[in-house]
Amino acid sequence: MIVSISAPVSAAMRERIRQTLEAAGAVPCFVDRLRDVREAPVVHFGDVTIDFVYAHPSLRWIQTTSAGVDRLTLADRPFPREILLTNASGVFGVAGGEHILAMMLHFARGFSFYLANQRRGEWVRDISHARLLKGQTLVLLGLGDLGREVARRARAFDMRVIGVKRTPGEVEGVDRVVTSDRLDDVLPLADHLAITLPLTKETHHLLNARRLGLLPRGAYVYNIGRGAVIDQAALVDALMSGHVAGAGLDVFEEEPLPADSPLWRMENVLITPHIGADTPWDFDAAAEIFLDNFARYTRGETLRNVVDPSLGY
Ligand code: NDP
């Protein structure tokens, strides 16, 4: 069995993968680029394109290094049913949780205002910008790995957390959980709205102009899920009108964010370049999931993190 590996893991992890695969009788084939895969792999570890999937009909299982798989599940061709798809959800939650909290604290403690004064060398003791997260309501869209880690941290700051997910069920550390059909009921309660959703047919432009309008005037919006979950043009309008007071955005409808996007020049917008849940250790952490799944695969067991391509996550 040929296993192709494009994930840029550390040298130590590469050696561990090689030894584990060879001990199981598999043939590891490490490549720097997908187009260097020339054999007929049965398994691939690394992020792939739909063209790669169709170019290698020998494939039976793909383990990605990302949690989001929308490039495969929302591609112009359907993801083949006979291929198992597993993602790396579980790797990114802690970083994502810290990232959203950092962004919320930035706005709550008025850092935009104080940083602007710092750059001008001005000591302005205006305390009206120095507010609290304590007692504020966070509406959190998505309660998976990312969402739960955001919720835990928000609760540690004494925020009230209302979570929205697709399927019903309580989630530890979340004060109230509602399903997505109740989204419109909870948006008016949000002082802060954080998105940790995958991009699927259902979540595309879930946050449209109408729903942004349901937020209380002065709410803050954060997105570390996928850019197209928000109608970006509608968000720009809401930021310009002041209806949305500020936004912390890590993901965008088009990436890299084009140079002429008005978002770059808005003082009430924080932009990070799709690193909002990353650390330098991501690929090795994803490799741990791959190795665990590889052991399961060779034993014929159910894999972890199986994606349902029809749901998109
Ligand atoms: P999970 O699969 O663990 O969680 C997904 C959550 O989204 C679940 O709670 C699920 O609900 C919910 N959900 C899915 N569809 C809907 C819907 N239509 N309405 C409401 N809720 C819905 O994923 P992760 O938390 O690991 O990652 C989430 C996404 O974040 C990824 O798909 C990826 O796109 C993005 N991401 C971004 C990163 C970055 O660097 N910015 C890094 C990692 C991930 P339910 O619980 O009911 O199934």
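Predicted model: local features only at pLDDT ≥ 70, side-chain atom pairs only at ≥ 80, totals over all residues.

Trainee: How many cavities of 30 Å³ or more does a search of the whole structure find?

Mentor: Rolling a probe the size of a water molecule over the atoms shows where empty space is left. Here the search finds one cavity of 30 Å³ or more. The largest cavity has a volume of about 40 Å³.

Trainee: Which residues line the largest cavity, and how is its lining divided by class?

Mentor: Asn223, Gly227, Ile230, Gln232, Leu235, Leu249, Val251 and Phe252 form the lining. Five of these residues are nonpolar and three are polar, while none is charged.

Trainee: Let us turn to helix α6. What span should its 12 residues have, and how far apart are its end C-alpha atoms?

Mentor: Helix α6 covers residues 145-156, and at 1.5 Å a residue it should span 16 Å. Its end C-alpha atoms are 17 Å apart, which agrees with that expectation.

Trainee: Which residues of α6 are buried, and what covers them?

Mentor: Buried here means under 20% relative accessible area. The buried residues of α6 are Leu146, Gly147, Glu149, Val150, Ala151, Arg153 and Ala154. Their cover includes α4 (93-108), β6 (137-141) and β7 (160-165). After α6 comes aspartate 158, with a positive phi near 60°.

Trainee: How many salt bridges does the structure hold?

Mentor: Side chains of opposite charge can pair when their charged atoms come close. This structure holds 16 salt bridges. One of them joins arginine 33 to aspartate 36, with the closest N and O atoms 3.0 Å apart. Arginine 33 counts as partly exposed because its relative accessibility is 41%, and aspartate 36 is partly exposed at 24%.

Trainee: Which parts of the structure does the pair of aspartate 184 and arginine 211 tie together?

Mentor: Their side chains meet in a salt bridge of 2.7 Å, N to O. Aspartate 184 lies in helix α7 (residues 183-186) and arginine 211 in helix α8 (residues 209-214), so the pair links parts that are 27 residues apart in sequence. Aspartate 184 is partly exposed at 27% relative accessibility, whereas arginine 211, at 16%, is buried.

Trainee: Is arginine 299 buried or exposed?

Mentor: Arginine 299 counts as exposed, at 51% relative accessibility. Its side chain meets that of glutamate 301 in a salt bridge (2.8 Å, N to O), and glutamate 301 is partly exposed at 41%.

Notes
Residues numbered from 1 in each chain as written. Heavy atoms only, no water. 1 Å grid on protein atoms, 1.4 Å probe; cavity = no way out; pocket = protein on both sides within 12 Å on 5 of 7 lines; lining within 4 Å. Points joined across faces, edges and corners; volume = space filled by probe spheres on them. Nonpolar A, V, L, I, M, F, W, Y, C, P; charged D, E, K, R; others polar. Helix = DSSP H or I, 4+ residues; strand = E, 2+ residues; numbered from the N terminus. Expected span 1.5 Å × (residues − 1). Buried < 20%, exposed > 50% of the residue type's maximum accessible area, 1.4 Å probe, protein only. Contact = heavy atoms within 4.5 Å. Salt bridge = Lys/Arg side-chain N within 4 Å of Asp/Glu carboxyl O.
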